[in-house]
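User: I have a structure open and have not looked at it before. Can you walk me through it?
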Amino acid sequence: MALLEIKNLHAKVAVAGGREILKGVNLTVNAGEVHALMGRNGCGKSTLFQVIAGRETYEVTEGSITYEGKDLLEMSAEERAREGVFLAFQSPVEIPGVSTDYFLKAAVNEVRKHHGEPELDAMQFLKLFKEKRELLEIDQSFTRRAVNEGFSGGEKKRNEVFQMAVMNPKLGLLDETDSGLDVDALKTVAKGINTLHQQDAHRALMVVTHQERLLKSIVPDFVHVMVDGRIIESGGKELALRVEQRGYAGIEEEVRQGV
Amino acid sequence: MPTETEEIETLANREYKWGFETAIEAETVPPGLSEETVRFISAKKGEPEWMLEWRLKAYRHWLKMEEPHDWPHLKYPKIDYQASSYFSAPKPKKKSLDEVDPELLAVYDKLGIPLSERNALLGVEEKGQTPVAVDAVFDSVSVATTFRKTLAEKGIIFCSFGEAVREHPDLVKQYMGSVVPYSDNFFATLNSAVFTDGSFVYIPKGVKCPMELSTYFRINAKNTGQFERTLIIADEGAQVSYLEGCTAPMRDENQLHAAVVELVAMDNATIKYSTVQNWFPGDPKTGKGGIYNFVTKRGACRGVNSKITWTQVETGSAITWKYPSCILQGDNSVGEFYSVALTHHFQQADTGTKMIHIGKNTRSTIVSKGISAGQGQNTYRGLVKILKGATHARNYTQCDSLLLGDQCGAHTFPYIEVRNTTSKAEHEASTSKIGEDQLFYCKTRGIALEDAINMIVSGFCKDVFKELPMEFAVEAQKLLGVSLEGSVG
């Protein structure tokens, strides 16, 4: 059974007369796989992630998403998170006055409660946070600050991956986690993501990126090119290279000509 | 999948859990206000002549005053002062704690306020908490004051106001009306005429009060206003922390609560006054009923290096109208005001503070957090006045508003007057909205809507909550959660 199966997914902005953004997406992700999603700005990559994560500002008008054999669209956003779907945001919001520590404790305990596991105590959290901080080379003071408040773009991205490490999801959706990172930060984050991937052979990742560079560190099993709300081409890691060389327009042209 | 709207409706239909009414035999005077009423109250409380004279002076002055409607950002009908009763007392009034009507004790028990010292002490051992001495005011009278003996050993007076008038007339005469004169404003003057009970605290020179003092106000009787008066005096070098809580049953008609609180801090004295106000806010769907909370609170930092801190969490009442203020008379004195005011459904609040800098090097801090949800209207109104002689005075004001939904309102009216060139006043203000993006972010971390709102709001209020005594802070946070249920759509 596939971990995630998306069939003919159509979604529009959830207002009367809202624009249709996803126009029939088909995609299968198995446990342990890494998928890269590429495409121009505005082609629907982020929307796809948000729809998978359960954002109500989008309305699914057609198609289905099955997650571990269950109808994902029937679940609320928080249920999806508790079932192991994690979205690392492209532009994470700030939550003033709420420390990252506190926020993540609440999050982890919600997941544990959902699975009938006892909540972690302060000592266990300390240990968990320390281990994950080291993985992403972040300082302790970082998690004492309010969630994303006053964080630089790079710090926010790092915080997203740190949260993913702590939440330990089955499916990680990384939305342009590499953008806005300098070379060193990118290395650290990529290393972190890779370690997370290796630690759990069942964890699947979906990565939205514009840079082939990231895919050198996080090697995808599959690459998909999205154009205007549909996946028009899928392939192995070599597809990323083709995108790099020919551009999205080139790929579109090739598909049109049936190359 | 339940939609967010359904989820919210379920939450919104929860009730105000303090809204129960207790069938207790009470002596209530018929509605109406006249000199006779004033005389009746005074006689009922066995007051000396001077007290009655003071009340009458206030009453006669009040007749010439007008209910404020033009300047507050509040909509309310003209109140019919003849329609409500000005005195209601559970009978018979007992003298000691052991004799208090068990039914009354049960009421406070239900509200979570321990009136039995024995239990309170046991609680201390069990939870390692500091004991809190409580004065319980039920409608027009104080029904019990705990830990009096422990406090008396240190020379601290903690009793009902009525008792203070009888037992400590010199202190009352000296200080009552010295911060809020009987002619101060419409509601304070009304209170001066008809006040029924309240708390009195005197901390002698050099004494640090060993426990938190607290008054719990409960309105129970129908058609009755509550007019309590509190006076706290911290003599030279004294320190005290005082807490105030309040609830009322759910009713269709509006009930008036017009209190006066006066604080006096002498040289090097410190008074910390914290309020968690949770009067019945009115019917969430229709806006019917609820308490009209028109309160005058003012503190005088009379001595050098004295300090008064007001912390308030205002979540209840149909209307809140209060401006806990500080008169910074002593050199180097400090005034602080930390406020969280929440208006949900049809609630309205016009609240803030006045910091009057008179002495040299006086400092004041104002942190105001207004939260509006539903159709709530929330107004911050503040005055920072630095007089000519108040050289090197400093003020810092931070005034933030948080909006939930698009039918509520936040309004800010800051007034700053600086009359010398060595002083400095800073004002920072912000307005933000709990965004769908913040809520979605929390949800993708497994945190459900209601918890997400509570978390975001608590974060917003953090600077104020940290000023509250520990247990109160926890209580306030919970209360905020309950009051905000069903606020985001």
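User: Let's start with one residue. Where does A:Gly44 lie?
Analyst: This is a predicted model, so everything here is computed from it. A:Gly44 sits in the loop of chain A between strand E3 (34–39) and helix H1 (45–53).

User: Is A:Gly44 buried or exposed?
Analyst: A:Gly44 counts as buried, because it has 24 C-beta neighbours inside 10 Å and 20 or more is the cut-off.

User: And what does A:Gly44 touch?
Analyst: Not counting residues up to four places away in sequence, A:Gly44 touches A:Ile21, A:Leu22, A:Met226 and A:Gly229.

User: Now the two chains. How many residues of each are in contact?
Analyst: On chain A 27 residues are in contact, and they meet 20 residues of chain B. Four elements of chain A each supply at least two residues to that side: helix H2 (77–82), strand E7 (95–99), helix H3 (100–114) and helix H6 (153–167).

User: What classes of residue are on the chain A side?
Analyst: The side of chain A that touches chain B has 16 nonpolar, five polar and six charged residues.

User: Take H3(A) from that list. How far does it reach?
Analyst: H3(A) has 15 residues and spans 21 Å from its first C-alpha to its last, close to the 21 Å expected at 1.5 Å a residue.

User: Which of its residues are buried?
Analyst: In H3(A) the buried residues are A:Thr100, A:Phe103, A:Leu104, A:Lys105, A:Ala107, A:Val108, A:Glu110 and A:Val111. They pack against H2, E7, helix H4 (122–135), helix H5 (140–144), strand E8 (146–147) and H6, which belong to chain A.

User: What follows H3(A)?
Analyst: A:Gly116 follows H3(A), and its phi is positive, near 70 degrees.

User: What about the largest nonpolar core? Which residues touch the most other members?
Analyst: The core has 197 residues, and those touching the most other members are A:Leu173, B:Val201, B:Ala234, B:Val240, B:Leu263 and B:Ala265. Helix H11 (residues 449–465) of chain B gives the largest share, ten residues.

User: What is A:Leu173 in contact with?
Analyst: Beyond its neighbours within four places in sequence, A:Leu173 is in contact with A:Phe49, A:Ile52, A:Ala53, A:Phe86, A:Leu87, A:Ala88 and A:Met206.

User: Over to chain B. How many helices and strands are there?
Analyst: Chain B has twelve helices and 23 strands. Of its 489 residues, 54% count as buried.

User: What is the phi of B:Asn305?
Analyst: B:Asn305 is not a glycine, yet its phi is positive, about 55 degrees. Most residues other than glycine have a negative phi. B:Asn305 is in the loop of chain B between strand E13 (290–301) and strand E14 (307–314), and with 18 other C-beta atoms within 10 Å it is partly exposed.

User: And B:Ser317, buried or exposed?
Analyst: B:Ser317 counts as buried, with 30 C-beta neighbours inside 10 Å. Its phi is also positive, near 70 degrees, and B:Ser317 lies in the loop between E14 and strand E15 (319–322) of chain B.

Technical notes: Residues are numbered from 1 along each chain as its sequence is written. Chains are lettered from A and ligands numbered from 1 in the order in which they are written. This is a predicted model: local features need pLDDT of at least 70, side-chain atom pairs count only at pLDDT 80 or more; totals for chains, interfaces and linings use all residues. Two residues are in contact if their C-beta atoms, placed from the backbone, lie within 7 Å. Ala, Val, Leu, Ile, Met, Phe, Trp, Tyr, Cys and Pro count as nonpolar, Asp, Glu, Lys and Arg as charged, and the others, Gly among them, as polar. A nonpolar core is a set of buried Ala, Val, Leu, Ile, Met, Phe, Trp, Tyr and Cys residues joined through C-beta atoms within 7 Å. A residue is buried if 20 or more other C-beta atoms lie within 10 Å of its own, exposed if 12 or fewer, and partly exposed in between; C-beta atoms are placed from the backbone. The expected span of a helix is 1.5 Å times one less than its number of residues.
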